Amino acid sequence: MLARSAVRPVLMAARPVVGAQQKNGMATLKEIEQRLKSVKNIEKITKSMKVVASTKLTRAEKAMRQAKKYGAANEELFKNSEIGSDNGDAKVLYVAISSDRGLCGGIHSSVTKATLRALNANPEARVAVLGDKPKAQLARSRTDDFVITFNQIGRDIPTFAEAAAIADEIKTKGGEWDVVKIIYNKYISAISYEPTELVVTNAKSLNEAAGFKAYEQEEDSTGDIAEFSLANALYLALVEGHAAEQSARRTAMDNASGNAADMIGKLNLQFNRARQGKITGELIEIITGASAL
Amino acid sequence: MSATKAAAPFWRAAGMTYIGYSKMCADMVRSCLKEPYKSEAAEFEKVHFSRAKWVDGKQPKTTICEDDK
């Protein structure tokens, strides 16, 4: 008894005196009741988190549909200007976009994995990270490649002003880059997402691109359009990543509630069985006692 | 054409980026709205995040970037 209490002091403290009498490897009634209560609480929490995520998801989806237009404008520009495929020695900055909050399935690690793959393929590249979770995951091996990190973003639906401010920060403090590749979670449907790359080139390669000359403009506004397209792409990635995160959180919390419900069922069964067993035991004791008289 | 040529340099000369300039213009337009729409549009202006610049695998300090108004 002494040895056991030394190994499991917490459990022993929680165990009532009655429990000590009827242990034979089985959990006691009191223990089952306590677990049942805590699992029920967890289920309540995950359920309400799911409801919150669902509400946020509707708003995020709406914002995303609007943000897609920004992305489409970008895409058209890059498509029409026919930018040549990457030359090997371009300086690349990867921007991994995710968020600060957990409890949303594999959304952060999918971005992290895609970023790591890209970094391994291109050892000269550096990385900018948005969000605490991917930052923590990438920081295990890649702190030397970090240029700039952002956090406390994406709590609510990201605004264009935020995307613009981040683009400005990357431009002014993040150094000079030929190509910026944004890695984010593309929202495919309410249950699936996929890490995707958005490519933004700088003014120089825009000027060199074959199709870009078809646009009638002044010489110095190329830098402006490059800047603006970076903000555009960041905005799309932030908003779409946000929607993907909310949907992933909804699914994760849905699964957690389901698992909790399963567990509650099992524990209830176990609890009832144990209670019935106890009653039967007591009855047998009384009857044998009475017949012995 | 001459109008745009004359107009283009002044914000660039002041050291503003194109994004900064366009943000300022957008804020100006929003501030001209009437009340129910004004506070609605103000939602689009809010900026909040923090930033850390990394040097040689270390993170010297973080800066909170908020609406600079």
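Reply: B:Trp54 sits in the loop between strand E1 (48-53) and strand E2 (62-66) of chain B. Helices (H or I, at least four residues) and strands (E, at least two) are DSSP runs, numbered from the N terminus. This is a predicted model in which local features need pLDDT of at least 70 and side-chain atom pairs count only at pLDDT 80 or more, while totals for chains, interfaces and linings use all residues. Residues are numbered from 1 along each chain as its sequence is written, chains are lettered from A and ligands numbered from 1 in the order in which they are written, and side-chain values use heavy atoms, with hydrogens and water left out.

B:Trp54 has a relative accessibility of 9% and therefore counts as buried. Buried means under 20% relative accessible area, exposed means over 50%, and partly exposed lies in between (1.4 Å probe, protein chains only). What does B:Trp54 touch, not counting residues up to four places away in sequence? From chain A the list has A:Lys135, A:Thr143, A:Phe146, A:Val147, A:Ile148 and A:Thr149, and from chain B it has B:Gln59 and B:Pro60. Contact here means heavy atoms within 4.5 Å. With A:Thr149, B:Trp54 also makes a side-chain polar contact of 3.0 Å. A polar contact is a pair of N or O atoms within 3.5 Å; within protein, one must be able to donate a hydrogen and the other to accept it, and residues adjacent in sequence count only if both atoms are side-chain atoms.

Chain B itself has 3 helices and 2 strands, in the order α-α-α-β-β along the sequence. Of its 69 residues, 19% are buried. Among the contacts in chain B between residues at least 6 apart in sequence, 8% join residues at least 24 apart.

Now the interface as a whole. The size of an interface is often given as the accessible area lost when the parts come together. About 2,400 Å² is buried between chain A and chain B, with 54% of it from carbon and sulfur atoms. Buried area is the accessible area (1.4 Å probe) that two parts lose on being put together, summed over both. A:Gln152, A:Glu218 and A:Asp224 supply 20% of the area that chain A buries against chain B, more than any other three residues. The contact involves 28 residues of chain A and 26 residues of chain B.

A:Gln152 has a place in the loop between E3 and H7 of chain A. Its relative accessibility is 25%, so it counts as partly exposed. Although A:Gln152 is not a glycine, its phi is positive, about 60°. Most residues other than glycine have a negative phi, and most peptide bonds are trans.

Between the two chains there are 2 salt bridges. A salt bridge is a side-chain nitrogen of Lys or Arg within 4 Å of a carboxyl oxygen of Asp or Glu. The side chains of B:Arg51 and A:Glu169 form a salt bridge, at 2.5 Å from N to O. On the side of chain A that touches chain B, the elements giving two or more residues are strand E3 (146-151), H7 and H9. The largest share of that side, 9 residues, comes from H7(A). By class, the side of chain A that touches chain B has 12 nonpolar, 5 polar and 11 charged residues. Ala, Val, Leu, Ile, Met, Phe, Trp, Tyr, Cys and Pro count as nonpolar, Asp, Glu, Lys and Arg as charged, and the others, Gly among them, as polar.

H7(A) covers residues 160-173, and its 14 residues should span 20 Å at 1.5 Å a residue; the end C-alpha atoms are 19 Å apart, which agrees. The expected span of a helix is 1.5 Å times one less than its number of residues. Buried residues of H7(A) include A:Ala161, A:Ala164, A:Ile166, A:Ile170 and A:Glu169. After H7(A) comes A:Gly175, whose phi is positive, near 90°.

H9, another element on that side of chain A, covers residues 221-292 and holds A:Asn232. A:Asn232 is buried, at 3% relative accessible area. Leaving aside neighbours within four places in sequence, A:Asn232 is in contact with A:Tyr70, A:Asn74 and A:Phe160.
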